[in-house]
Amino acid sequence: MGPGMTFSEPETLDEVCSLLSKDPEARCLAGGASLVAMMNAGLLAPTQLISLRKIPDLGAITSMPDGSVKIGAMARHNDVAAFSGFLGAQRIISAAACRIGHPAIRNMGTIGGSICHADPSADYPTAITAADAVVSILGSEGARQVAARDFFVDWLETTLEQGEIAVSVTIPPDPSNASVHYEKFTRADGDFATVSVAACLGMSDGVVQTFRVVVGGVAEKPVRSPEDEAVFIGRPLKDSDIVEFSAALEALCNPIDDMRGSADYRLKLMPRLISRALKRAQADQLVSDSGETA
Amino acid sequence: MTESNDIPIRLTLNKSLKSVFCKPTETLLSLLRDGFGLTGSKRGCNQGLCGACTVLIDGKPMRSCLTIAATCNGRDVVTVEGLLENGKLSTMQQALVDSGGVQCGFCTPGVAIALTSLLREDPKPDRTKIREALSGHLCRCSGYIKIVDAAEAAAEKAGS
């Protein structure tokens with residue numbers, strides 16, 4: 001900690017943006033679960049901590065009239081996990097939130113903190129990409145909206161520029177009422193994923209209507225290929241297509257060796273987890289289909 | 001010694017109101033141990049992984065090592081010392097002792113906080129629920145069985 005280090009708790013977002021724009025080494029403090037851990041490890045020494053806890057309603061989770069769900073940046077993992085207003089593919093968000101860390105971490109950590117930290121092995125980056133979410137960003141130059149798949153840029157790096165803050169994540173409605181499955185492989189419960197798969201699958205009359213599969217932990221950011229997803233639409237879900245899809249995704253991967261698994265191991269896990277996630281989502285679709293007709 | 005950028009905060013700590021100055025990056029864990037001499041909460045990993053520093057903040061278990069002390073202004077903090085009832089171990093604490101759930105003791109403060117919180121939310125948890133509440137609390141002595149036994153025993157005693 002430097003002698004000039006300061007702490008503030010502004011009450012407006014404009015004030016936050018102003019502080020951020022003047023100091024490249026200032027950091028927003030949300031739940032602390034990632035930021036303070038990095039400070040404790042000596043990896044980061046911000047010149048300013050800007051606590052977001054006094055900003056009104058930044059943690060709200062709201063069902064909007066158009067069916068989308070707006071999640072404020074300060075919404076805690078436990079609150080997102082327990083939110084009952086997600087429908088169809090939107091539920092991939094709560095499915096991932098309840099797998100983040102441990103109970104005490106889920107009481108602290110926030111969706112804004114998690115996505116801005118942008119660890120590709122974390123749960124939210126993969127989930128919000130699969131949900132086709134949009135991140136709302138406010139900066140001293142104005143507001144902008146960025147699709148989740150464009151929000152993540154590199155290892156621990158997002159599209160946020162100096163002076164900008166992510167204020168909410170909007171999850172669009174899913175008229176196809178897709179099933180979801182979040183498949184997370186870890187060596188120990190509550191750890192970051194070795195590999196994770198967020199799958200949203202909607203089927204009607206035996207053919208695929210909605211197909212989104214995003215893989216975490218295998219590259220610098222979540223891996224997704226809309227072109228390869230499009231192949232599934234309007235056809236029955238076939239094992240051979242899933243095998244080809246996994247092979248196509250592998251070309252987009254850039255895995256690393258670390259204590260959670262080698263790069264090779266990650267690539268061997270990926271097709272198995274994709275297949276498992278889709279099978280579970282499909283089984284869930286069959287249950288909800290028969291429920292509708294009964 | 002206070003410096004110009006020290007932050008004055010007031011918090012409720014184990015049911016009594018405290019006013020104190022803290023450094024901008026000081027964690028709640030450091031404030032508790034070094035500022036208040038409450039050494040029950042332990043510094044294990046300092047990364048939020050081991051659970052030994054867990055305290056209740058506004059009634060919910062959180063990691064004091066990942067909490068910047070200045071953000072506790074106006075909040076309610078309870079440490080393992082604050083679980084005592086009339087100067088005696090609480091039902092949950094006593095059950096940990098009686099069931100052999102305390103060995104080296106390093107994880108115990110965090111475990112006691114987590115299980116106290118669990119029993120407040122769910123007075124009759126099954127063993128799966130108890131294990132879920134204990135996830136994120138590393139114990140290298142017990143194998144957890146005795147700790148789960150203790151939570152069951154405390155639930156039974158509180159319900160009788």
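**Figure 1. Where chain A meets chain B.** In this predicted model, 24 residues of chain A touch 24 residues of chain B. On the chain A side, four elements each put in at least two residues: strand E1 (6-8), helix H2 (35-40), strand E3 (48-51) and helix H5 (103-108). H5(A) gives the largest share, with five residues. Sorted by class, the side of chain A that touches chain B holds 14 nonpolar residues, eight polar ones and two charged ones.

**Figure 2. Chain A as a whole.** Zoom out for a moment and count elements: chain A has eleven helices and 13 strands. Its radius of gyration is 19 Å, close to the 19 Å from the globule rule for 294 residues, so chain A is as compact as a globular protein of that length. Laid along its principal axes, the C-alpha trace of chain A spans about 65 × 45 × 35 Å. Buried residues make up 48% of the 294 in chain A. As for contacts in chain A between residues at least 6 apart in sequence, 65% of them link residues at least 24 apart.

**Figure 3. The two domains of chain A and the contact between them.** Chain A splits into domain 1 (6-44 + 59-171) and domain 2 (179-293). Taken over C-alpha atoms, the centres of these two domains of chain A are 23 Å apart. For the contact, domain 1 of chain A supplies 23 residues and domain 2 of chain A supplies 20 residues. On the domain 1 side, the elements giving two or more residues are helix H4 (92-97), helix H7 (123-130) and strand E8 (152-154) of chain A. The largest share of that side is the six residues from H7(A). By class, the side of domain 1 of chain A that touches domain 2 of chain A comes out at twelve nonpolar, five polar and six charged residues.

Figure 4. Strand E6 (residues 134-139) of chain A runs antiparallel to E7(A), and the two pair over six bridges. To pick out one bridge, look for Ile137(A), whose partner in E7(A) is Arg144(A). Is strand E7 (residues 142-147) of chain A tucked away or in the open? Of its six residues, the number buried is zero, so E7(A) lies largely in the open.

**Figure 5. One side of helix H2 in chain B.** Over in chain B, helix H2 (residues 91-98) has Met92(B), Gln93(B), Ala95(B) and Leu96(B) buried. They cover an arc of only 160 degrees around the axis, which puts them on the same side of H2(B). What do the buried residues of H2(B) pack against? Their neighbours are helix H3 (108-121) and helix H5 (145-159) of chain B. After H2(B) comes Gly100(B), which has a positive phi, near 75 degrees.

**Figure 6. Asp284 in helix H11 of chain A.** Helix H11 (residues 263-293) of chain A is where you'll find Asp284(A). Asp284(A) is partly exposed, with 16 other C-beta atoms within 10 Å. For a sense of scale, take Thr47(A): from Asp284(A) to Thr47(A) is 237 residues in sequence and 49 Å in space, C-alpha to C-alpha.

How values were computed
Residues numbered from 1 in each chain as written. Chains lettered and ligands numbered in written order. Predicted model: local features only at pLDDT ≥ 70, side-chain atom pairs only at ≥ 80, totals over all residues. Rg over C-alpha atoms; globule rule 2.2 N^0.38 Å. Buried ≥ 20, exposed ≤ 12 C-beta atoms within 10 Å, placed from the backbone. Contact = placed C-beta atoms within 7 Å. Arc of directions from axis to C-beta. Domains from an automatic or database assignment. Nonpolar A, V, L, I, M, F, W, Y, C, P; charged D, E, K, R; others polar. Pairing = 2+ DSSP bridges.
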